[in-house]
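Please keep the sequence and the model in view while reading.

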Amino acid sequence: QVQLVESGGGLVQPGGSLRLSCAASGSIFSINAMGWYRQVPGKQRELVATITSGGVTNYADSVKGRFTISRDNAKNTLYLQMNSLKPEDTAVYYCRNLATMTWGQGAQVTVSS
């Protein structure tokens, strides 16, 4: 059974940074493409960034140049480094295994002064 567990969310001031982690189990993590998504109440979940098994990345225009997706296959962990955070980045962030379509439980990120 594939499981994903996010951590690292919290409250940060505008302009600050956070790093989200997603620990994966139950699949061969290294061969799976992975992604980060986010959702605010009343809106659809939206794609933030993806990374292939080979490390090729893709970002939503709204986060390009500020967020970095990465993976450590030895640790079965996906990361999202978020810099220069803005209030509009406030959301619940989810990681997803793009091969099995499994979601994590989500991590709240709040950007506010």
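Ser-84 counts as partly exposed, because its relative accessibility is 42%. Here buried means under 20% relative accessible area, exposed means over 50%, and partly exposed lies in between, for a 1.4 Å probe and protein chains only. The model is a predicted one, in which local features need pLDDT of at least 70 and side-chain atom pairs count only at pLDDT 80 or more, whereas totals for chains, interfaces and linings use all residues. Residues are numbered from 1 along each chain as its sequence is written, and side-chain values use heavy atoms, with hydrogens and water left out.

Ser-84 is located in the loop between E8 and E9. Helices (H or I, at least four residues) and strands (E, at least two) are DSSP runs, numbered from the N terminus. Although Ser-84 is not a glycine, its phi is positive, at about 50 degrees. Most residues other than glycine have a negative phi. Met-101, also not a glycine, has a positive phi of about 65 degrees. Met-101 belongs to the loop between E9 and E10, and its relative accessible area of 45% makes it partly exposed.

Strand E11 spans residues 107-111. Its covered face consists of Ala-107, Val-109 and Val-111, while Gln-108 and Thr-110 make up the uncovered one.

Which strands pair with E11? Strand E2 (residues 10-12) pairs with E11 in the parallel sense, over three bridges; two strands are taken to pair if DSSP finds at least two bridges between them. Leu-11 has Thr-110 as its bridge partner in E11. Strand E9 (residues 91-97) pairs with E11 in the antiparallel sense, also over three bridges. In that pairing, Ala-91 has Val-109 as its bridge partner in E11.

## The largest nonpolar core

The largest nonpolar core has 27 residues. Such a core is a set of buried Ala, Val, Leu, Ile, Met, Phe, Trp, Tyr and Cys residues joined through side-chain atoms within 4.5 Å. The members that touch the most others are Trp-36, Leu-78, Leu-80, Met-82 and Tyr-93. Two or more residues of this core come from each of strand E3 (18-25), strand E4 (34-39), strand E5 (46-51), strand E7 (67-72), strand E8 (77-82), E9 and E11. E3 gives the largest share, four residues. In soluble globular proteins, nonpolar side chains tend to be buried together.

## The disulfide

How many disulfides does the structure hold? There is one, a disulfide being a pair of cysteine sulfur atoms within 2.5 Å. Cys-22 and Cys-95 form it, with their sulfur atoms 2.0 Å apart. The pair links distant parts of the chain, as Cys-22 lies in strand E3 and Cys-95 in strand E9, 73 residues apart. The link of Cys-22 and Cys-95 is right-handed, with 55 degrees about the S-S bond. Both Cys-22 and Cys-95 are buried.

## Aromatic rings and charges

The structure holds two aromatic pairs. Rings of Phe, Tyr and Trp (its six-membered ring) pair if their centres lie within 6.5 Å; planes under 30 degrees apart count as stacked, over 60 as edge-to-face and the rest as tilted. The rings of Tyr-37 and Trp-103 have centres 4.9 Å apart and planes at 75 degrees, so they form an edge-to-face pair. Because Tyr-37 lies in strand E4 and Trp-103 in strand E10 (residues 102-103), this pair ties together parts that are 66 residues apart in sequence. Tyr-37 is buried, at a relative accessible area of 14%, whereas Trp-103 is partly exposed, at 31%. The rings of Tyr-94 and Trp-103, with centres 6.1 Å apart and planes at 80 degrees, are likewise edge-to-face. Tyr-94 counts as buried, at 12% relative accessibility. Together, Tyr-37, Tyr-94 and Trp-103 form one aromatic cluster.

The charged end of Arg-45 sits over the ring of Trp-103, 4.4 Å from its centre. Arg-96 lies over the face of Tyr-37, 5.9 Å from the ring centre. For this description, NZ of Lys or CZ of Arg must be within 6 Å of the ring centre and within 35 degrees of the ring normal.
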